[in-house]
Amino acid sequence: MTNPKREPDLNIARDRMVDRQIASRGVRDSRVLAAVRCIPREAFVEEGAQEFAYEDSPLLIGEGQTISQPYIVELMLEAAEIGPADRVLEVGVGSGYAAAVAAQLAAHVCGVERHASLVAQAQKRFDELGYRNISVRHADGTKGWPDGGEFDAIVVSAGGSQIPSAMKAQLKIGGRLVIPVGTEDGAQELLKLTRRSETEFDEERLGSVRFVPLVGAEKRGAVPALSDVDVAQHRRGRIHPLNA
């Protein structure tokens, strides 16, 4: 039986999360903030963890993976500048939460995840919540979505030593790629690349982060599937990790 107090309490917690954890740290895009207010984050965590869904921390979702801290998800989606007509690729679907937020912003979202069990769980959540503009597949995320054409935005929810060529090749001219890049056990930086031509990319450095790496087929330039990142605050373009 549903607790009649639970839904209103979670709605209040969601609004508080947006105001205190996301907007106050520098995320200003009104469409991103509105999208987050629509997504029941409690539906994307493990059974029994719903009461913690709106805390300022990542949560385990199975397969040793996590649903990332709310702030970093929205920061990356804001940087991706997703428009209503855009096609978006997310590498590292995990729980499906970030893809659900992106689906509120875009025309269609394609998601890649290397853990089959997480793909099944995410698809079940999308079906139950009525998302019809998300396609998810079990595959090596370092290869992107090879048969899907080009994307307006690509968001990579983990970090590798360099950016895989597949990611750049699948980005439209004018498209945005948001990805953490760095060493497995050292400094990583969140980068935003904007494709200006077939061979030219503008690069913007958004700050320091830390993601747990995951091996893919393109090991040297591998961008792993979804992993945990802890971020304390975003000020003047810098991101400060909690656990560096």
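Glu81 sits in the loop between α3 and β3. The model shown here is predicted. Its protein chain holds six helices and eleven strands. Buried residues make up 55% of the 244 residues in the chain.

- Glu81 is not a glycine, yet its phi is positive, at about 50 degrees.
- This residue follows helix α3.
- Is Glu81 buried, exposed or partly exposed? Its relative accessibility is 47%, so Glu81 counts as partly exposed. The cut-offs matter here: buried means under 20%, and exposed means over 50%.

**Helix α3**

- Helix α3 spans residues 70–79.
- The helix is mostly covered, with ten of its ten residues buried.
- Among the buried residues are Pro70, Tyr71, Ile72 and Val73. Glu74 and Glu78 are also in that buried set.
- Which strands does α3 lie across? They are β6 (151–156), β7 (171–182), β8 (188–195) and β9.
- Against β7, helix α3 runs at about 150 degrees.

**The sheet**

- Seven strands make an open sheet. Their order is β5-β4-β3-β6-β7-β8-β9. The pairing is mixed.
- The edges are β5 (134–138) and β9 (201–209), and each of these strands pairs on one side only.
- On average, neighbouring strands of this sheet are turned by 15 degrees against each other, direction ignored.
- Strands of a sheet pair through backbone hydrogen bonds, and the pairing can be parallel or antiparallel.

- Strand β3 covers residues 87–91, and four of its five residues are buried. The strand is therefore largely enclosed by the rest of the structure.
- β3 pairs with β4 in the parallel sense, over five bridges.
- Strand β4 covers residues 108–113. Five bridges join β4 to β5, and these two strands also run parallel.
- Leu89 stands opposite Cys110. In β5, the bridge partner of Cys110 is Ser135.

**Helix α5**

- Helix α5 (residues 116–129) packs on the sheet, where it touches β4 and β5. Its direction makes about 165 degrees with that of β5.
- Which residues of α5 are buried? They are Leu118, Val119, Ala122, Arg125 and Phe126.
- The buried residues of α5 pack against several elements: β1 (59–62), β2 (65–67), α4 (97–105), β4 and β5.
- Gly130 follows α5, and its phi is positive, near 85 degrees.

- Pro180 lies in strand β7. Its relative accessible area is 0%, so Pro180 is buried.
- The C-alpha atoms of Pro180 and Gln162 are separated by 8.8 Å. Along the chain, these two residues are 18 residues apart.
- Pro146 lies in the loop between β5 and β6. Its relative accessible area is 59%, so Pro146 is exposed.
- Which residues does Pro146 contact, leaving aside its neighbours within four places in sequence? The contacts are with Arg137 and Gln170.
- Pro146 and Ala169 are 23 residues apart along the chain, and their C-alpha atoms are separated by 9.3 Å.

**Contacts and confidence**

- Residues 24 or more positions apart account for 57% of them.
- The chain averages a pLDDT of 84. At least 70 is the score of 82% of the residues.
- Over residues 219–244, the pLDDT is below 50. Beyond near neighbours in sequence, this stretch has 110 contacts in the model.

Conventions: Residues are numbered from 1 along each chain as its sequence is written. This is a predicted model: local features need pLDDT of at least 70, side-chain atom pairs count only at pLDDT 80 or more; totals for chains, interfaces and linings use all residues. Side-chain values use heavy atoms; hydrogens and water are left out. Two strands pair if DSSP finds at least two bridges between them. Axes are lines fitted to C-alpha atoms, for helices over the stretch in contact, and angles run from 0 to 180 degrees between N-to-C directions. Contact means heavy atoms within 4.5 Å. pLDDT is the predictor's confidence in each residue, from 0 to 100. Buried means under 20% relative accessible area, exposed over 50%, partly exposed in between (1.4 Å probe, protein chains only).
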